[in-house]
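Thanks for coming. Please look at the model on the screen while I talk through a few parts of it.

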Amino acid sequence: MNGWLAIAGLGPGDDALVTPEVTQALAQATDVVGYIPYVARVAERPGLRLHPSDNRVELDRSRHALQMAAEGRRVVVVSSGDPGVFAMAAAVFEAVEAGPDAWRALDIRVLPGITAMLAAAARAGAPLGHDFCAINLSDNLKPWALIEKRLRLAAEADFAMAFYNPRSRSRPEGFARVLEVLRAVCEPERLILFARAVSTPEEALRVVPLAQATPEMADMRTMVLVGASTTRLIARDGETPWVYTPRSVGA
Ligand code: SAH
């Protein structure tokens, strides 16, 4: 019984941004488990079983993966970006904690990936060059009041901010409220980057001051990066400007 479980990040989209470690785990796997569009990114080959599943079944999916690893299979659970960032790694450990003792002895590895926040930041320049925080704006797994509190306090502390899951069809009003909270704390010139489908053929980048930001600029394939008060622009002819946050403040 030499089963193992790898929880792997596939990066933001481009195959060039998948780490060699993840590619190797996929080459050795007998089973790949994950959300349908992520499993679709894994090439089929003889001897490999793909187990795509719908969203919002993270715990079932984790238990299934752990069960197969316990039976001696070599299982890769895939996430987009990094598996530890609003993704499957925490779900697997939740299942391990609540599951049979034998699961604690399994060979489990988390293989990092390039998270959307870092891929988006790299395209724009260096907006996260100073202190920053990351917030998941989805209220599927936490109350909206907590999101608003974290947002307000982070803005007051003058962090740059990266927003995952900014806007869904089922709650379009959420991101409008986020912009209201930002407008109550930050100046109208505050820079906002909308980075859509980074590292895919549909990639689109847009930088606007907070005063011009609208809810329609974000969808579920967009990362929103909000600058700190020190974040600046370097204009370029015919190109999206560079956005960067100086490394020092008040020093
Ligand atoms: N584990 C993933 C994040 C999952 S949450 C990671 O580390 O990247 C899903 C959210 O990530 C999306 O709603 C979007 O905000 C962001 N995202 C994922 N891929 C993206 C991409 N290629 N470009 C822009 N945003 C992306």
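This is a predicted model: local features need pLDDT of at least 70, side-chain atom pairs count only at pLDDT 80 or more; totals for chains, interfaces and linings use all residues.

Let's take the chain as a whole. The secondary structure of the protein chain comes to seven helices and 13 strands. The C-alpha trace spans about 60 × 40 × 40 Å along its principal axes. Of the 251 residues, 45% count as buried. As for contacts in the chain with a separation of 6 or more, 67% of them come from residues 24 or more positions apart.

Now the helix pairs. Two packed helices are described by the angle between their axes and the distance between the axes.

Please find helix H6, residues 144–156, and helix H7, residues 173–185. They pack at an angle of about 30°, and their axes are 9 Å apart. Angles under 35 degrees count as roughly parallel, so H6 is roughly parallel to H7. The crossing of this pair is right-handed. Which residues of H6 and H7 make the contact? On the H6 side they are Trp-144, Glu-148, Leu-151, Arg-152, Ala-155 and Glu-156. On the H7 side they are Gly-174, Arg-177, Val-178, Val-181, Leu-182 and Val-185. Sorted by type, the residues of this contact are seven nonpolar, one polar and four charged.

The second pair is helix H3, residues 58–70, with helix H4, residues 88–98. Their axes come within 8 Å and cross at roughly 70°. An angle of 65 to 115 degrees counts as roughly perpendicular, and H3 and H4 are therefore roughly perpendicular to each other. H3 passes H4 in a right-handed crossing. H3 brings Glu-58, Leu-59, Arg-61, Ser-62, Arg-63 and Leu-66 to the contact. H4 brings Met-88, Ala-91, Val-92, Glu-94, Ala-95 and Val-96. These residues divide into seven nonpolar, one polar and four charged.

Next, some single residues. Ser-79 is found in strand S4, which covers residues 74–79. Is Ser-79 buried or exposed? Its relative accessibility is 3%, and the limit for buried is under 20%, so Ser-79 counts as buried. Leaving out residues up to four places away in sequence, Ser-79 touches Ala-8, Gly-9, Leu-10, Tyr-38, Ala-87 and Met-88. Met-88 was also named in the contact of H3 with H4.

Glu-173 is found in helix H7. With a relative accessible area of 53%, Glu-173 is exposed. Its C-alpha atom is separated by 8.1 Å from that of Pro-215, which is 42 residues apart from Glu-173 along the chain.

Last, two residues with a positive phi. Asp-158 is not a glycine, yet its phi is positive, about 60°. Asp-158 sits in the loop between H6 and strand S8 (160–164). At 27% relative accessibility, Asp-158 counts as partly exposed. Ala-197 is not a glycine and has a positive phi of about 50°. Where is Ala-197? Its place is in the loop between strand S9 (191–196) and strand S10 (204–209). Ala-197 has a relative accessible area of 5% and is buried.

That is the end of the tour.

Technical notes. Residues are numbered from 1 along each chain as its sequence is written. Side-chain values use heavy atoms; hydrogens and water are left out. Axes are lines fitted to C-alpha atoms, for helices over the stretch in contact, and angles run from 0 to 180 degrees between N-to-C directions. Helices (H or I, at least four residues) and strands (E, at least two) are DSSP runs, numbered from the N terminus. Angles under 35 degrees count as roughly parallel, over 145 as roughly antiparallel, 65 to 115 as roughly perpendicular and the rest as oblique. A crossing is left-handed if the near helix is turned anticlockwise from the far one by less than a right angle, and right-handed if clockwise. Contact means heavy atoms within 4.5 Å. Ala, Val, Leu, Ile, Met, Phe, Trp, Tyr, Cys and Pro count as nonpolar, Asp, Glu, Lys and Arg as charged, and the others, Gly among them, as polar. Buried means under 20% relative accessible area, exposed over 50%, partly exposed in between (1.4 Å probe, protein chains only).
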